[in-house]
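Q: I am new to this structure and would like to learn how to read its features one at a time. Could you take me through them slowly, with the general idea before each case?

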Amino acid sequence: METQNFDDQFKSAFKGSEIGPSDEVWTNIELGLEKAESERMKRKLLFFKTLAAASVIFALSVAGAGFYFMKGYNAPTSIANVMNEKEQSNSIGIDSENSPKDFQTKEKNVNAVVPSQMKEDLPRDSQTLSKNDNIAQRNAEILKPQNRDLNSVSSEIQNFSTSLSGHENPNNTSLVETRKGNTVQAKSSDNFDERAGTRKENVFAFTYDDGLAEKLIGSRKVAIDIKPTQNKNEQVVEVDPVQAMMARLDQREKELLQDGNERNKNNGEDLWTSVGFAAGSFNPVGPSVSPNTTNQLIASNTAIAKQEAKASGTAYSVGVNLGKRLANRWILQGGVNYLAQASEYETGAAFQNSTFSSFRPASINEMDELAQADAMATNTRAVTTAPYTVNNNLQFLSLPLQAGYLVVDKKFGLQLNAGVATDLFLHNTKSTDTQGMDKIDQGIGESSPYRSINFSGLAGTEFSYKFSQRYRLSLNPGVRYPFNSVYKSHLGVQSVPLTFDVGLRFRYIFQ
Amino acid sequence: MSENGRINPFMLHEQELIDGCRKGDRSYQKALYEHFCRKMMVVCLRYSKTTAEAEDILQEAFVKVFQGIKKFRGESKLETWITRIMVNTALNFQRRKLYLFPMIDVEEIEIPEDEISISEINFSQLLEMIQSLPHGCQIVFNLFAIEGYNHKEIAEMLGISEGTSKSQYSRARSLLQQKILKEASYYTRYGDAKL
């Protein structure tokens, strides 16, 4: 009971008691809130920076990987690779003496015979080749795939005729090719042994079903036909195996390119328009105030001007764009955007109006004007105040023009963009929450401290998703960096805001 | 709102203050601060040794109040919610000291059965007495006697054992009684001269 009384007495004694803190506490709370706000902004900025950097790194990685694999795809054109494969096959082959390397290296001129029974499969053009056609072209025609539904290589070999009907030259390595549909069978003849009445053949099969394949089937001894029958229906063409291979690869590349073009035609994404918006933040890079003869007041109030010049803030834009595909992977796009940049800074100066009835935030161009007016006027119109926050809002009309490279051009798209934007200054407003302070609204022209026209560099990536035949949605992280200070050069105030933003665009594809 | 644009916090309903603060309106934030700062200063003083320390706690706690007011769901009175933030902030401040000067169990002190009255002592003196207590005793006494937490809750809040909380409280009460008795005898001898 006594304990309760003791505690209750204390509780009662403090109930309703009040002690006033010092005035500094509220000032510190305000500073704490502003600090927390700026930290939140910094975190947001860091997020956007990280996002932009990550997307650029991702895009570059994808581009690099794409380039590597595209290059890698062309690698089979390297004869060395094919030869290595052949050598490896031969090393475990039936007869190592009769390696394909031999017939590749001994003689370049080899012969090929297209049996009459295969002629129907050949393209008409290949049967009417003129003598002036180069070998590569002719080979390409001969080796052009005609029929995708083929018997397997093994069955081809089983059906392969044992009669050798090609032109023979015992001193040269000869290559006899027989094609049926997508499969070309080839026999190289070397190790001619007239006394034994035999020769050895290396048998290859080339298939064109889903890619290039070349196999050494084996080697065998066949009897020499001393008097080979000259079948009038057979067409004899000379085939250089290296050139044949190159021609075959060229042909394949052309086919792929054609497929790609046809696919692009089917996509029909040649011209499009898009609407979108972007939001982000900007940070001036190296803001500075350098006094000169015409801006003495700015020089004397460097701190005030610097506060404005170094203010960071948020940026957003809305606009429409038009895009055109110039080449398979290159596009050009431009448009019209409304761009707004809002920042906050603290200042300790204000200007009185002509009737001295109200105040307005200090402006860099007004400082410049006052510096050129008489000193008395300057002293009466510019006043020092307690620190207060100014909200500065800049508005531009931006005309971007960008070139883009399509790293991935499928349902999911990845595009790298770079270009320039012409930024036309519209107007800016300076406002403050402080009571008794007027708002400033400055339009284009001499009354404004901002350049009427400025140019900015643009770079970014575009991740997109095509969700129907005509619509594509894209996410666009990017950076914007003006080539010049946003302030007029004669003011001596440098501020180049580097903007990171992330945009969302809705694209309509014209048919 | 007065003519000079300042908001009179006592003219507004509590919900209006909350709504204004939720929008981040600085004038409403100041109004809320002015409405509660004097009461909360006493809370902060009870948990600190000096006025400067109390003001640091008050400042940090009010920043938390304005940052967290969007999460205030009105399940308790606004004053109770703000007081809780003050106490938690003060405990965070004092935890650093408690780390340096850890609480230890002390022998149970016999509490005199004589009834002690503090009615003749004003709250400023009582505040001084509380501030003069050792760190651990000061915090436990505030939490138990004035805020109304039980020893189990205090033990959880401070990361100590329940026994330590009890012994710290006993010690605090004993020390306070001694101070009150000393003060009372001073009054008996010199009357209000000290005041």
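A: Let us begin with burial, where a residue is called buried under 20% relative accessible area, exposed over 50% and partly exposed in between, using a 1.4 Å probe and protein chains only. B:Ile180 has a relative accessibility of 1%, so this residue counts as buried. B:Ile180 belongs to helix H8 (residues 162-190) of chain B, where helices (H or I, at least four residues) and strands (E, at least two) are DSSP runs numbered from the N terminus. Although B:Ile180 and B:Gln125 are 55 residues apart in sequence, their C-alpha atoms are 9.5 Å apart in space.

Q: What should I know about the model and its numbering before going on?

A: This is a predicted model, in which local features need pLDDT of at least 70 and side-chain atom pairs count only at pLDDT 80 or more, while totals for chains, interfaces and linings use all residues. Residues are numbered from 1 along each chain as its sequence is written, chains are lettered from A and ligands numbered from 1 in the order in which they are written, and side-chain values use heavy atoms, with hydrogens and water left out.

Q: How many residues of chain B are in contact with chain A?

A: A contact means heavy atoms within 4.5 Å, and 41 residues of chain B are in contact with 25 residues of chain A. The size of an interface is often given as the accessible area lost when the parts come together. Here buried area is the accessible area (1.4 Å probe) that two parts lose on being put together, summed over both, and between chain B and chain A this area is about 3100 Å², with carbon and sulfur atoms giving 68%.

Q: Where do the partners of the salt bridge between A:Arg505 and A:Glu462 lie?

A: The side chains of A:Arg505 and A:Glu462 meet at 3.6 Å, N to O. A:Arg505 lies in strand E16 of chain A and A:Glu462 in strand E14 (residues 453-466), so the pair ties together parts that are 43 residues apart in sequence. A:Arg505 is buried at 17% relative accessibility, and A:Glu462 is buried at 2%. Salt bridges that share partners join A:Glu269, A:Glu462, A:Lys466, A:Arg472, A:Arg505 and A:Arg507 into one network.

Q: How many aromatic pairs are there over all chains?

A: Rings of Phe, Tyr and Trp (its six-membered ring) pair if their centres lie within 6.5 Å, and planes under 30 degrees apart count as stacked, over 60 as edge-to-face and the rest as tilted. The count over all chains is 19 aromatic pairs. In one of them, the rings of A:Trp26 and B:Phe66 have centres 6.2 Å apart and planes at 85°, so the pair is edge-to-face. This pair crosses between chains, from helix H2 (residues 24-74) of chain A to helix H3 (residues 51-68) of chain B.

Methods:
Salt bridge = Lys/Arg side-chain N within 4 Å of Asp/Glu carboxyl O.
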